[in-house]
Amino acid sequence: MVWKNFYNYVLPDLPGASEALVDDKLRQAAIEFCSESRIHQVLVTPVNLVADQAEYTLVSPEAETDPVAVIWGWANGNPIFPMTKERLATLPLNWRDDTATTPSCFLQPDADTIQLYPKPSAAATAGLRLEIAICPALDATGVADWLGRAYVFDLANGCKALMMESPGKPWSTPDYAMRFRAKFEHAKKEARIAAARSLTNAQQRVRMSRAW
């Protein structure tokens, strides 16, 4: 769904705004929405595990999108769980040197990288399988059709909030900006809940990590 499909819900409230600027703010709103809600989740092409290699680059399988975060992971068919450096630092030895046939945990040094713990001691073809959250790239020309259909009004509200928050413009309206911002923030929270429920009515469960 390209940005021009949002114009009917945006331009009437932004007198004098150029389509190019609206496109930029729609993109910014979509990046913010997807990054914070993690509503757009996809399976990554299986990655080969390399012996003694802990870090792997995350690549989104969908065009014009970037990784945001790992949602679920499996190494050699076994689930891997999120972990923090602070918790690993409590281990008696340097955790960066630990190896195992199958990693059990993962960290994310940044949005584009996953770091496995312990490091795999042996190579495995397609040994790492991941589900990640993604967001539009900085040069994206739109969002996935299903995402646009489901959240067209919310992304339009986010765009209008960003535009109206800018001072000294024909469309600058602080009061309305606050209203659209409030609606946008609420939509992000609702989308995050929907993502946690896999877009179903299932009750949320707390995901427990292993104790080490």
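Me: Which elements do the buried residues of α1 pack against?

Reply: This is a predicted model, where local features need pLDDT of at least 70, side-chain atom pairs count only at pLDDT 80 or more, and totals for chains, interfaces and linings use all residues. Residues are numbered from 1 along each chain as its sequence is written, and side-chain values use heavy atoms, without hydrogens and water. An α-helix has 3.6 residues a turn, so residues three or four places apart point the same way. Here the buried residues of α1 pack against β10 (124-136), α3 (145-165) and α4 (174-196); contact means heavy atoms within 4.5 Å. Helices (H or I, at least four residues) and strands (E, at least two) are DSSP runs, numbered from the N terminus. Among the buried residues of α1 are Val-22, Leu-26, Ala-29 and Phe-33, where buried means under 20% relative accessible area, exposed over 50%, and partly exposed in between (1.4 Å probe, protein chains only).

Me: How many bridges join strand β4 to β10?

Reply: Two strands pair if DSSP finds at least two bridges between them. Nine bridges join β4 (residues 65-75) to β10, running antiparallel, and Asp-66 stands opposite Cys-135 of β10. Strand β1 is also antiparallel to β10, with three bridges; Gln-41 faces Ala-133 there.

Me: Is Leu-43 buried or exposed?

Reply: Leu-43, in β1 (residues 41-43), is exposed, at a relative accessible area of 57%.
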